[in-house]
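Q: I'd like to learn how to read a model like this one. Can you walk me through some features?
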Amino acid sequence: MDTLIRNNEKLAKHQAGASQKVLNAVDAALKALETARNQLSESIATAGDGDDNCNSTHREAVAKTLLAQVERSQTTSSEQLKELYTNVSKYGKLVDKTFKLDLGGVAESRAFEDKREVLAQTILVHFLREGDFETARRFAAEARLQLPEDTKAQFEEMYGTVAEMRRAPRHELSAAIAWAVANRRRLEAADLAQLEFALHRLRFLQLVEAGQAGDALAYAREWFPRFATRQLAEIEHLMGIFIYARRLGSSPYAALFGERRWEDGAHAFAGAFCTLLGLAAASPLSVTVAAGARALPVVCKVSGLLRDKRIEWSQQNELPVEVPLPDAMRFHSVFACPVSKEQATRDNPPMMMPCGHVVCKASLDKLARGVRPGSIASGRFKCPYCPGLSVLSDARRVYF
């Protein structure tokens, strides 16, 4: 994929350069035409009796000069377009080669035979999450599903609030802030208390940007004190904004006023809203499709290798190779540490040592702290399950 991106960037640069050269050639031809017209007009205007041969010779010279320039422009344009089309054709072949996947070896038509209702329900909830309520209604009717009216009403409330936050130029925040205040305890229990502060911060910056410094200061005094324990450094930083209130664009705070802040705020609000509904912050269907798209090339390649070597993968519901996924697509862990017997958590994730054995991070830290200076090797400790030696920095997080 990286190769495709690099070649796409090269093709875009070549296209821009070729377009400029063609435009210059066309401009030169047009200029030559205009010059020839002016010269011929002058020749006709100054023509007198008895100098027809001279005028005819002059006109022929003008025509030859014009023809030569037009031919040069045509040659330049043809060469540039030919080279560009050649590069476009090569890039198209590269795209076809990159995405030429044989799905016959990995497709499993029976994978959802006993999960059709679950799949249909997932698709329905996805439409609701995306705010496509009319499609959700039609899909529910075709799939013979009961459209959850309470869930639909909650998502309508969410999308109404999000739309108000995004709508320029007002960017109304009152509904989002009121929701966050009303659900403060639930947000704190879900470790999402920062959302309310983020919304108040947006409103504070909105007032400053509107030139209402007095109102912004009053707003900060009303709402910021309750967040002083966790957000004191950020609040202190925001208070310095009043020094630059009349020249925000050239101030150190200019980056805080980008239009992107509204989209980020709306995204954070929607994620927290879904979390309190007991749903994931991102659509499970979107995450599944994105993860599948990342895994598909790897799975197809491994499937082809296994087929060529006439090897069958005997493990049910398990891939023959690990698929690299970003942290955003990795969720709960079901690992229990063999040392401490505790289940892994977000703060205490599974860590794999170079020897391949896995323990929780807390157990790994204890093993590393237990090393005496000068014992065996500096900074190294022994794996509790094999003679292998490890260094804390060599361990990497794994997901189950």
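A: Let's start with ring pairs: rings of Phe, Tyr and Trp (its six-membered ring) pair if their centres lie within 6.5 Å; planes under 30 degrees apart count as stacked, over 60 as edge-to-face and the rest as tilted. By this rule the count comes to eleven aromatic pairs. One of them joins Phe204 and Phe242, edge-to-face, at 5.8 Å centre to centre with 85 degrees between the planes.

Q: What should I know about the source and the numbering before going on?
A: This is a predicted model, where local features need pLDDT of at least 70 and side-chain atom pairs count only at pLDDT 80 or more, while totals for chains, interfaces and linings use all residues. Residues are numbered from 1 along each chain as its sequence is written, and side-chain values use heavy atoms, with hydrogens and water left out.

Q: Back to that pair: where do Phe204 and Phe242 lie?
A: Helices (H or I, at least four residues) and strands (E, at least two) are DSSP runs, numbered from the N terminus. Phe204 lies in helix H8 and Phe242 in the loop between H10 and helix H11 (260-276), so the pair ties together parts that are 38 residues apart in sequence.

Q: Is Phe204 buried or exposed?
A: Buried means under 20% relative accessible area, exposed over 50%, and partly exposed in between (1.4 Å probe, protein chains only). Phe204 is buried, at 0%, while Phe242 is partly exposed, at 24%.

Q: Which residues form an aromatic cluster?
A: Phe204 and Phe242 belong to one, together with Phe197, Phe224 and Phe227. There's a charge to look at here too: a charge sits over a ring if NZ of Lys or CZ of Arg is within 6 Å of the ring centre and within 35 degrees of the ring normal. The charged end of Arg226 sits over the ring of Phe227, 5.5 Å from its centre.

Q: What does a tilted pair look like?
A: Take Phe269 and Phe273, with 5.9 Å centre to centre and 50 degrees between the planes. Both lie in helix H11, four residues apart, about one turn of the helix. Phe269 and Phe273 are both buried.

Q: How do I read the faces of a helix? Which residues of helix H9 are buried?
A: Helix H9 (residues 213-223) has Ala216, Tyr219 and Ala220 as its buried residues. Seen down the axis of H9, these fall within an arc of 100 degrees (the arc being that of the directions from the helix axis to the C-beta atoms), so they line one face of the helix. Turned away from that buried side is a face with the exposed residues Gly214, Arg221 and Glu222.

Q: What do the buried residues of H9 pack against?
A: Contact means heavy atoms within 4.5 Å. The buried residues of H9 pack against helix H6 (174-182), helix H8 (194-209) and helix H10 (228-239).

Q: How do I read a sheet, and in what order do the strands come?
A: Two strands pair if DSSP finds at least two bridges between them. Here three strands form an open sheet with antiparallel pairing, in the order S2-S1-S5. Strands S2 (358-360) and S5 (396-397) are the edges, each pairing on one side only. Strand S1 (residues 350-352) pairs with S5 over two bridges in the antiparallel sense, and Met351 has Arg397 in S5 as its bridge partner.

Q: Which helix packs on the sheet?
A: For angles, axes are lines fitted to C-alpha atoms, for helices over the stretch in contact, and values run from 0 to 180 degrees between N-to-C directions. Helix H13 (residues 361-369) packs on the sheet, touching S1 and S2, and its direction makes about 95 degrees with that of S2.

Q: Which backbone angles are worth checking in the loops?
A: The peptide bond from Ala168 to Pro169 is cis, with omega near 0 degrees, and Pro169 is in the loop between helix H5 (149-166) and H6. His171 lies in the loop between H5 and H6 as well; its phi is positive, near 50 degrees, in a residue other than glycine. At 7% relative accessibility, His171 counts as buried. Lys341 isn't a glycine either, yet has a positive phi of about 65 degrees. Lys341 lies in the loop between H12 and S1 and is exposed, at 65% relative accessibility.
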